[in-house]
Amino acid sequence: MLKFPKSAAFAVLALATLSSPSLAEGDADAGQKVFKKCAACHAVGEGAKHKVGPELNEIFGRAAGSAEGYKYSKAMIEAGDAGLVWDAATLGEYLTNPKGMIKGTKMAFAGLKKDDEVANVLAYLRTFSQEAAAAPAAAETGEAPVETAAAAAPPEPAPAADMVVEKSQGAFGLGRKALPEEIAAWDIDIRPDGTGLPEGSGTVAQGEPIYTDNCAVCHGDFGEGAGRWPVLAGGQDTLRNDRPEKTIGSYWPYLSTVFDYVRRAMPFGNARSMSDDDVYALTAYLLYLNDVVDDEEFELSKENFASVRLPNEANFIADGRADEPHYAKSVEPCMTDCKPGPVEITARAQVIDVTPEGEGDENSGGSID
Amino acid sequence: MVDITDPKPTKKAASRRDFLKAGLLGGAAVAASAGAARAAGDPLITEIQDWNRYLGEGVDVAPYGKPSEFEANVVRRNVPWLTADPVSSINFTPLHELDGIITPNGLCFERHHGGTAIINPADHRLMINGLVDTPLVFTMEDLKRFPRENRVYFLECAANGGMEWRGAQLNGCQFTHGMIHCVVYTGVPLRYLLEEAGVKTNGKWLLAEGADASAMTRSIPMEKALDDCLVAFKMNGEALRPEQGYPLRLCVPGWEGNMWVKWLRRLEVGDEPWAQREETSKYTDLLADGKARRHTWVMDVKSVITSPSPQAPVTHGKGPLVITGLAWSGNGTIKRVDVTLDGGRTWQTARLDGPSLPKALHRFYLDINWDGSELLLQSRAMDDQGLVQPTKNELRLARGENSIYHNNGIQTWHVNNDGVVENVEVS
């Protein structure tokens, strides 16, 4: 095994065996739940195909970077060429810290932090691997890694155990006063005027590698979008076109929305994992991809954030539906002789033929985003 | 999709066209067996059937009951090409199979942006913060000690019908209109919770936030929040389904579904809207001139004939035919629904049946004697504000074809002589 010192692996093995062999075995049913974190990008089971990441059938015993038809990172292919084969130990290491093990992997996922999650998801994946099923003994001897720190850590204190509870002063006296640190933990929304922005800063140049590692897999190297994932850049002057392209630069009214959304919900499947400086740097890089700034050294910070305006801000208007002619007329609807002659069919759904009828319907008829 | 006359559904193997053929043959078979009955009697009557002789399952077999196995085709379906990934996607209520105004919990369409969050109610918290006298945290137990209300409301996604802006595209009312459901919610008026925290005089807006992996957020004007919004924990009498926001969701009656934040964990009071992703990049209505409307909250007056429809063809031939559908308006109740059989030249008023509740689905029927000739079916709803459902072309004229959201245009179904139904548009 390249890159993984034997001693470390043995230490892990020893601890796993000592502390909790049943944990190391993992629970496939529980692993199925953990796998939801992976399922945005990976498919497994009958008929699984490559998605953002490769399909994971027969992953046990598979050489790294070897699934046919999937475009791996250079780093993953090199790891496979150097002899990396996926088994409980190597997968465990990888799932715990993907980028720590394979520097340059496309997998944006930051890693599973709990040892039992790793063990359980491996148990689940093992059910789709014949090789592993044929030799379960190896897995049961405790090869599945257990994060030493996590295993040794004391259980988290029960929340609210020693908390000072101040009761509600309202009419019902229900609920309790929220603590400042609780509000700070959840209240992360940003408004267009910059209200809510945290301290911090980041440059376009700092944002580029963060984007490449975390975002490009879905949004494309230049924000052009992969598959049906959102396009983030380009599309300027297309809003009146037959097929408008609504991006940050062409459509979004406020930069605050980018910062707010990235911080609360991205990367997809690993929300709240980036530092505030990283989000500043990413936001700066998205401005660069959208030609709003052109200097790679441009630094976005809490101080200059509200001064950056997006090009389409002025084109958002109030709801004007009530003034549309068909609502404004307010007359009794016609009941007889409402059309001059026989009614003709002008469009048919069957001609377009995009209605799902079964499996494998790859037709495309637009998007509702 | 499977014909309900086939007792053993073959699931996905049959294409829709096979299904339509089978349906029509089924109709023929019924006619033939009626003939046979005249000769020797219907064997389903003259011969003793298994279910009449042998015992069925006991009361301990299904602690939580499921629909009959013969209803296996009554399911939510998705349109794989619509979105990048099923974890952030939508599926559709099978309207063509349902009747009345209440949607069964397991058939309510799902739209979520980070998958279904699984939350133990003991671990759930609702926080109110921002421009309030006292920021508060509630447990689910706290919330269930406030006075409750029961209200029937429809929830419609603003993008319902969004794929039809450029023309007839999807062949089934499940897909053209199925981003809607209607259930009875049990919950606490949002007003009580806000009053408990004490909204400051400059608190004009509310930000609702979900606890899921997308931390969904929407800005809601305080006037609406204090009017009829509910913080609900039950739907149709039982706990919310996980995919509908268990253990807690916001109800914003009559307004677009995206605002009904699921897995509701935080309400922040502010003096300005927040311009979140789902109210800028999404859920804004792009017009032909490149301008975009924002804060288009109300769901307009709308209706659709659910049967006959492409997935529910006429299989019984000429004679009595029940035309039925749904009508709704985010403004209030439905006053009237008209139906045309000839593509809009002449209209007749349909019969509304069942409860007529504000911001809820209404069921209508038109019982006709079908002569077997071609039909161009449409329905046209009018609400208690006097607003009349527009045609698709009127909407296109006013907005262009890139609005995505708020398509409440009149739907046309073409019924051919054989009873096959297709989604069409007419002159």
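1. Which side chain meets that of Asp276(A) in a salt bridge? In this predicted model, the partner is Arg263(A), and the N to O distance between the two side chains is 3.1 Å. Asp276(A) belongs to helix H16 (residues 276-289) of chain A and Arg263(A) to helix H15 (residues 255-265) of chain A, so the contact ties together parts that lie 13 residues apart in sequence. The two residues can also be described by their accessibility: Asp276(A) is partly exposed, at 26% relative accessibility, whereas Arg263(A), with a relative accessible area of 11%, is buried.

2. In chain B, a salt bridge is formed between Arg218(B) and Glu256(B), whose closest N and O atoms are 2.8 Å apart. Because Arg218(B) lies in strand E9 (residues 217-221) of chain B, while Glu256(B) sits in the loop between strand E12 (249-251) and strand E13 (264-270) of chain B, the pair ties together parts that are 38 residues apart in sequence. Both Arg218(B) and Glu256(B) are buried.

3. A further salt bridge in chain B joins Arg380(B) to Asp338(B), with 2.9 Å between the closest N and O atoms. This pair links distant parts of the chain, since Arg380(B) is found in strand E22 (residues 375-383) of chain B and Asp338(B) in strand E18 (residues 334-340) of chain B, 42 residues apart. Arg380(B) has a relative accessible area of 8% and is therefore buried, the cut-off being under 20%; Asp338(B), at 2% relative accessibility, likewise counts as buried.

4. Salt bridges that share partners also build one network, which joins Asp187(A), Asp189(A), Asp260(A) and Arg264(A) of chain A with Glu209(B), Arg265(B), Arg266(B) and Glu268(B) of chain B. Over all chains, a search of the whole structure finds 38 salt bridges.

5. Turning to the strands, chain B contains an open sheet of 4 strands in the order E16-E17-E21-E20, with antiparallel pairing. Strand E16 (302-307) and strand E20 (351-353) of chain B stand at the edges with a single partner strand each, so one side of each is left without a neighbour in the sheet. From one strand to the next, the twist averages 35°.

6. Within this sheet, strand E17 (residues 319-328) of chain B and strand E21 (residues 362-370) of chain B run antiparallel and are joined by 9 bridges.

How values were computed:
Residues numbered from 1 in each chain as written. Chains lettered and ligands numbered in written order. Predicted model: local features only at pLDDT ≥ 70, side-chain atom pairs only at ≥ 80, totals over all residues. Heavy atoms only, no water. Pairing = 2+ DSSP bridges. Helix = DSSP H or I, 4+ residues; strand = E, 2+ residues; numbered from the N terminus. Axes fitted to C-alpha atoms, helices over the stretch in contact; angles between N-to-C directions. Salt bridge = Lys/Arg side-chain N within 4 Å of Asp/Glu carboxyl O. Buried < 20%, exposed > 50% of the residue type's maximum accessible area, 1.4 Å probe, protein only.
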